[in-house]
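Reader: I am new to this structure. Please show me how to read a few of its features.

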Amino acid sequence: MSIDQPIELGLKHWKFSADIEGITWAVLDREGESANSLNSRVLEELEKIVSHVEQGAIDKSVKGLVFMSGKPGSFIVGADIREFEQFDKEQIVRDMLKGVLDLFDRIEALKVPVVSAIHGICVGGGLELVLATHWRIATRDDATKVGFPEVKLGIFPGFHGTVRSIRQAGPMAAMQAMLTGRMIRYGAARGMGLIDELVPSEHKLRWAARKAVQRKRKAKPAGRAKAMMAQWPARGLLAKKMRDATAAKVRADHYPAPFALIDLFEAHGGDLKVMAREETKAFAPLMVSEQSRNLRRVFMLSEQLKAQAPKGLGFKPLRVHVIGAGTMGADIAGWCVASGMEVTLQDLSEDVIAKGIKAQSRLFRRKFKTKAAQAAAKARLIADAAGNEIGRADVVIEAIVEKVEVKQGLFKAIEGKLKPGAVMATNTSSIKIEDIAEGLADPGRLIGIHFFNPVAMMPLVEIVRGPDSRDDDVNKGCAFVKAIGKFPLVVKSTPGFLVNRVLAPYMMSAMTRLDKGMKRETLDEAAKVFGMPMGPIELADSVGLDVCAHVGKILGLSAEGSKLDKLVAAGKLGKKTGQGFYSWKDGKAQKGEVKADKAELAKLGRELVEPLISQCQKALDEGVVASADLVDAGVIFGTGFAPFRGGPLHFKASEAGAASGTGAVSGIGGASKEPNRAAAE
Ligand code: NAI
């Protein structure tokens with residue numbers, strides 16, 4: 001076994017050493033950070049490493065270079081988004097890019113073998129870095145995934161990742177990866193050609209990397225059949241297909257990045273040298289665009305939400321008990337199981353439990369690739385009609401009928417059975433926590449953990465704090481939600497909490513317009529032109545018109561004799577009954593044509609979201625949520641509010657800034673009166 005000698009280059013973020021055979025090992029381990037991202041300091045230090053290896057290659061003291069990560073279960077998560085704000089002019093972006101591109105080119109041109117040994121997430125700039133190395137080895141581990149998530153931030157790979165991925169994987173697979181931003185598992189990445197070799201576990205990485213250096217391994221570019229797709233006329237056809245597929249998902253005026261990438265490929269994909277040069281030209285305007293700034297803001301907001309779960313709580317939820325196996329309870333149970341927990345599920349009816357459990361098979365098949373993992377998940381979801389296991393659970397969630405006296409009775413009956421320190425929560429969508437807690441021996445223990453429907457799709461969960469709820473329980477609720485991979489948002493116990501409170505007036509005012517004779521298709525299209533994922537009328541049908549009418553009543557928004565009331569009275573409840581404002585066929589609303597022009601739709605769309613925005617301001621003023629940023633975060637992740645607009649309050653402030661000529665507001669804290677809160681790692 002060789003003993004590595006540290007090489008003193010004055011590095012803080014890299015551990016750099018040489019072994020007895022002359023192989024140098026560059027292990028990225030960013031100081032003070034839980035994950036490795038590429039910022040200017042990290043890249044400056046990388047430059048020193050590259051210079052050292054260049055010199056060593058000349059004087060033959062260095063035989064190879066291997067990149068690894070010092071962080072457990074994670075390689076490089078991409079460029080450091082926190083630094084992006086300084087790149088606010090195209091020229092600054094181009095200068096920054098030039099520095100990185102030259103460095104990556106120098107890595108690629110090194111005269112000794114350069115190997116990447118990857119375990120865990122390797123995405124964005126991290127994947128671009130390893131694509132500049134000669135040979136990529138990855139672990140066959142669920143944690144190991146590669147990908148280009150840049151489009152989600154309103155950009156595309158800018159460190160020549162576009163050309164290097166096309167070179168290795170061919171245009172079809174590489175473009176698809178870049179256009180969708182999806183995470184690619186180790187096996188698929190190997191199949192595509194982004195990874196060259198797999199090893200069974202992390203322990204084998206070093207050995208395999210050493211062998212690869214000794215054998216001077218060099219990845220071959222994609223074969224001729226794949227590469228042919230970059231030539232004319234195949235390239236033109238491919239570009240058209242990709243443009244159509246992208247346009248079916250997003251609008252070019254809202255999300256220009258994927259379209260710009262397709263244009264770049266279509267124009268220059270036949271000559272990767274030219275494409276590399278043009279990549280920078282096309283990238284710079286995207287990086288400084290408002291859409292990208294707002295999408296980066298959304299990312300930072302998601303980090304703020306996660307930071308609501310304080311570290312060091314010493315609370316590790318492993319067992320969950322869910323009471324009520326209906327629409328919500330069964331899906332909550334399934335999601336917790338899919339997140340690795342053990343769940344017991346209780347209901348008055350054993351049949352309902354069995355049905356609820358069976359319904360989770362689809363989720364398990366989606367989440368777990370192997371039959372063994374699916375079977376293990378199934379085994380973790382246990383029917384418990386009598387509630388025998390309640391005392392073993394770390395978190396108990398009630399999701400029974402929305403009736404205060406029934407919920408009160410249930411909590412009184414179970415309060416004494418919970419183990420000390422376990423979270424006791426209700427999934428109520430409309431009842432005040434303090435009302436449910438009435439009559440409990442310890443009312444301060446109850447919190448709300450309010451999931452949205454469908455559970456598997458909705459990233460936000462509201463943690464409802466009653467006037468008596470204790471901080472410790474609220475914090476534990478947040479920790480639990482984070483542990484199941486969702487974003488917690490702490491809200492005050494007030495009618496509609498945050499999300500339903502702002503969504504209801506938006507939907508109800510659209511329904512009022514409908515009552516006045518406006519076409520449902522026009523209303524829905526206008527909201528989509530603004531950037532909502534779905535129009536308010538279609539959304540009402542999807543949520544269920546009975547639910548809408550119920551929420552409307554609670555918030556005092558129902559109108560006598562409305563179309564909504566009539567439909568509910570007739571049992572036409574929307575998607576679930578096949579008929580609501582729309583007729584539904586195969587899960588799709590049957591829509592007619594929209595005749596209005598784009599400017600009209602844009603104006604109407606803006607008017608439609610006004611009730612939502614003004615309700616956000618009221619909720620902030622009333623302290624429903626702690627800050628404007630958190631209101632924006634909650635509404636984006638709870639309703640799908642146009643992410644490229646950066647959130648309702650941010651959007652309103654930007655609009656006001658633009659009107660007064662003071663410029664758009666950017667970054668976290670922009671729309672807030674609160675002090676800037678940097679996103680936590
Ligand atoms: P559901 O009617 O589909 O299911 C309720 C289940 O609770 C039924 O299976 C029933 O047998 C069972 N149940 C009733 N009393 C019980 C008791 N004492 N012990 C054990 N089980 C009992 O209702 P859904 O829609 O799942 O709603 C449940 C809760 O979640 C409600 O508080 C609702 O406000 C809330 N919620 C509902 C959403 C939705 O979209 N459906 C969204 C967010 C929250």
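Author: We take the cysteines, then a helix, then a sheet. This is a predicted model: local features need pLDDT of at least 70, side-chain atom pairs count only at pLDDT 80 or more, and totals for chains, interfaces and linings use all residues. Residues are numbered from 1 along each chain as its sequence is written, and side-chain values use heavy atoms, with hydrogens and water left out.

Reader: How many disulfides does a search of the whole structure find?

Author: A disulfide is a covalent bond between the sulfur atoms of two cysteines. The test is a pair of cysteine sulfur atoms within 2.5 Å. The search finds 0. Take Cys 548: the closest cysteine sulfur, in Cys 616, is 18 Å from its own, too far for a bond. Cys 548 is also buried, at 8% relative accessible area. Buried means under 20% relative accessible area, exposed over 50%, partly exposed in between (1.4 Å probe, protein chains only).

Reader: How far apart are the end C-alpha atoms of helix H4?

Author: Helices are DSSP runs of H or I, at least four residues, and strands are runs of E, at least two, numbered from the N terminus. The ends of H4 (residues 161–180) are only 15 Å apart, while a straight helix of 20 residues would reach 28 Å. The expected span is 1.5 Å times one less than the number of residues. In H4, 15 of the 20 residues are buried, so the rest of the structure largely encloses this helix.

Reader: Where does H4 kink?

Author: At Gly 170, by about 125°, shortly before Pro 171. The bend is the angle between axes fitted to the seven residues ending at a residue and the seven starting there.

Reader: In which sense do S8 and S11 pair?

Author: Strands of a sheet pair through backbone hydrogen bonds, either parallel or antiparallel. Pairing takes at least two DSSP bridges between two strands. S8 (residues 135–139) and S11 are parallel, over 3 bridges. Ala 138 has Leu 198 in S11 as its bridge partner.
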